[in-house]
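Then turn to the aromatic rings and the backbone.

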Amino acid sequence: LERPGLDKAAGEEFLREAVQILLDEAVRKGTDVTEKVCEWKEPEELRELLDLELPSRGEPPEKLLERCRAVIRYSVRTGQHPPTSPPPSLSHFSPTCVRFGPSWCWSGASWSQFCLSLSHLSPTWARFGPIWSWFGPGWSHFGLSWPQTGFGDRVLPSPSRSDPRLLPAQSHYSIQKGAAFLGIGTDNVHLVATDQRGKMVPEELEKEIRRAKAEGAEPFFVCATCGTTVLGAFDPLGSIADICQRHGLWLHVDAAWGGSALLSPKHRHLLAGIERRVTLPSTDPPLKTGSKLPVSGPSPHSRGHHRVCPPLSPRADSVAWNPHKMLAVGLQCSAFLLRDASGLLQRCHGAGATYLFQPDKFYDVAYDTGDKTPQCGRRVDCLKLWLLWKAAGTQGLARRVERAFAFTRWV
């Protein structure tokens with residue numbers, strides 16, 4: 001904690017060079033009608049050109065700048081073909097520049113418009129016009145909202161079905177919102193008691209499940225939390241997973257804040273139970289873990305300096321993780337991790353819009369992931385996490401997590 005967390009001079013120099021690359025590649029070439037709209041490469045080629053692997057150690061600034069240039073170079077650039085010509089008063093000013101300017105301001109200030117005291121300016125634009133409204137990522141996102149707002153309070157408390165959703169009392173308020181959006185009803189959100197440190201009590205979860213079944217309801221979902229908003233509590237995932245498995249319930253882990261602790265060998269134990277190690281037969285050779293995270297603690301499968309561990313069997317059905325929290329990736333950067341690999345997202349969200357998702361394209365349409373998600377138009381937020389991981393490496397991210405935990409000693 002005695003050392004500064006960043007080198008301001010080096011950071012400013014990196015930004016200057018990154019902006020120059022953006023001006024050269026995205027603005028000048030992107031608005032030049034003699035340039036290609038896209039320098040097409042197959043996905044396999046792009047994996048090699050961009051080097052998507054996540055390193056253990058960070059890369060030097062010059063390498064990161066090369067990656068920035070490559071990302072823009074191989075992206076689709078439509079700035080040279082604007083849908084309409086600018087008005088005469090702006091004919092000297094590229095619409096591309098106008099588009100970039102607000103994005104840079106927003107990214108530099110890290111605004112989030114949920115609270116005036118924390119963002120000051122952005123809620124002013126959130127209440128834009130004579131009526132209350134909000135700006136969002138696109139129509140697909142708003143399509144989730146109009147049924148609820150159209151029916152108003154009739155959707156919120158008590159729908160026709162009674163499928164209680166179970167969660168700890170310290171969980172995030174978004175669970176209540178989710179129940180309202182889905183038509184489950186907030187009355188069917190059952191709170192589970194926590195201990196004095198804010199952790200869910202597994203025995204109380206068992207009682208709530210049995211009580212709900214006795215009342216003729218059908219429990220189906222349990223939300224455990226790793227890093228509650230107020231107390232920073234981590235629920236006992238192992239015991240909760242055992243209960244969910246016994247009753248056949250979906251286990252979701254809200255690790256939006258605390259999930260980054262998995263990157264730290266020192267603090268990874270806080271999420272013990274989010275997965276389960278599979279015991280290997282003694283006659284089989286040890287397997288390298290599929291995870292890029294370093295393995296902590298002694299292992300019976302260690303061989304000299306080459307540490308290996310048995311594979312992991314995930315116990316959580318889904319996990320939410322926000323790198324923009326503890327890792328301080330630029331807003332917004334959130335991940336929804338799903339254990340199911342059978343195409344569940346496509347079955348739940350797929351609408352098959354033929355003007356976008358044709359099955360006979362000239363490339364592997366498995367890369368067209370937009371139909372699997374609730375929203376369509378959105379930023380490539382994973383780029384921010386990827387570039388930060390390249391810059392810091394797994395070891396650097398682990399130090400960032402441990403530094404954050406170290407600060408809690410002074411709270």
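In this predicted model, helices α1 and α3 run roughly parallel to each other, because their axes meet at about 20° and an angle under 35 degrees counts as roughly parallel. Helix α1 spans residues 8–28, and its axis lies 10 Å from that of α3. The crossing is right-handed. On the α1 side, the contact is made by Phe14, Glu17, Ala18, Ile21, Leu22, Glu25 and Ala26. On the α3 side, Pro61, Leu64, Leu65, Cys68, Arg69, Ile72 and Arg73 take part. Sorted by class, this contact has 10 nonpolar residues, 4 charged ones and no polar ones.

Helix α3, residues 61–73, also packs with helix α13, residues 382–407. Their axes come within 10 Å and cross at roughly 155°. That angle is over 145 degrees, so α3 and α13 are roughly antiparallel to each other. Here, too, α3 makes a right-handed crossing. Leu64, Arg67, Cys68 and Val71 of α3 make the contact with Leu383, Trp386, Leu387, Lys390 and Ala391 of α13. The class count for α3 with α13 is 7 nonpolar, 2 charged and no polar residues.

Beyond its neighbours within four places in sequence, Arg67 is in contact with Leu50, Asp51, Glu59, Trp386, Leu387 and Lys390.

Asp51 lies in the loop between α2 (43–50) and α3. Its phi is positive, about 55°, although Asp51 is not a glycine. Most residues other than glycine have a negative phi, and most peptide bonds are trans. Asp51 counts as partly exposed, at 29% relative accessibility.

The loop between β7 and β8 holds Ala328. Phi of Ala328 is near 60°, again positive in a residue other than glycine. Ala328 is exposed, because its relative accessible area of 52% is over 50%. Gln332 lies in the loop between β7 and β8 (335–338) as well. A cis peptide bond joins Leu331 and Gln332, with omega about -10°.

Another loop, between β6 (312–314) and β7 (318–321), holds Arg315. Arg315 is buried, with a relative accessible area of 14%. What is the distance in space between Arg315 and Cys244? The two are 9.5 Å apart, C-alpha to C-alpha, and 71 residues apart in sequence.

Now helix α9, residues 174–181. Its buried residues are Ile175, Gly178, Ala179 and Ala180. Just after α9, Gly183 takes a positive phi of about 80°.

Last, the aromatic rings. How many aromatic pairs does a search of the whole structure find? The search finds 6. A pair of aromatic rings is described by the distance of the centres and the angle of the planes. For Phe362 and Tyr363, the centres are 5.2 Å apart and the planes are at 90°. This pair is edge-to-face, because the angle between the planes is over 60 degrees. Phe362 counts as exposed, at 61% relative accessibility.

Notes. Residues numbered from 1 in each chain as written. Predicted model: local features only at pLDDT ≥ 70, side-chain atom pairs only at ≥ 80, totals over all residues. Heavy atoms only, no water. Axes fitted to C-alpha atoms, helices over the stretch in contact; angles between N-to-C directions. Helix = DSSP H or I, 4+ residues; strand = E, 2+ residues; numbered from the N terminus. Parallel < 35°, antiparallel > 145°, perpendicular 65-115°, else oblique. Left-handed = near helix turned anticlockwise from the far one by under 90°. Contact = heavy atoms within 4.5 Å. Nonpolar A, V, L, I, M, F, W, Y, C, P; charged D, E, K, R; others polar. Phe/Tyr/Trp six-rings, centres within 6.5 Å; stacked < 30°, edge-to-face > 60°. Buried < 20%, exposed > 50% of the residue type's maximum accessible area, 1.4 Å probe, protein only.
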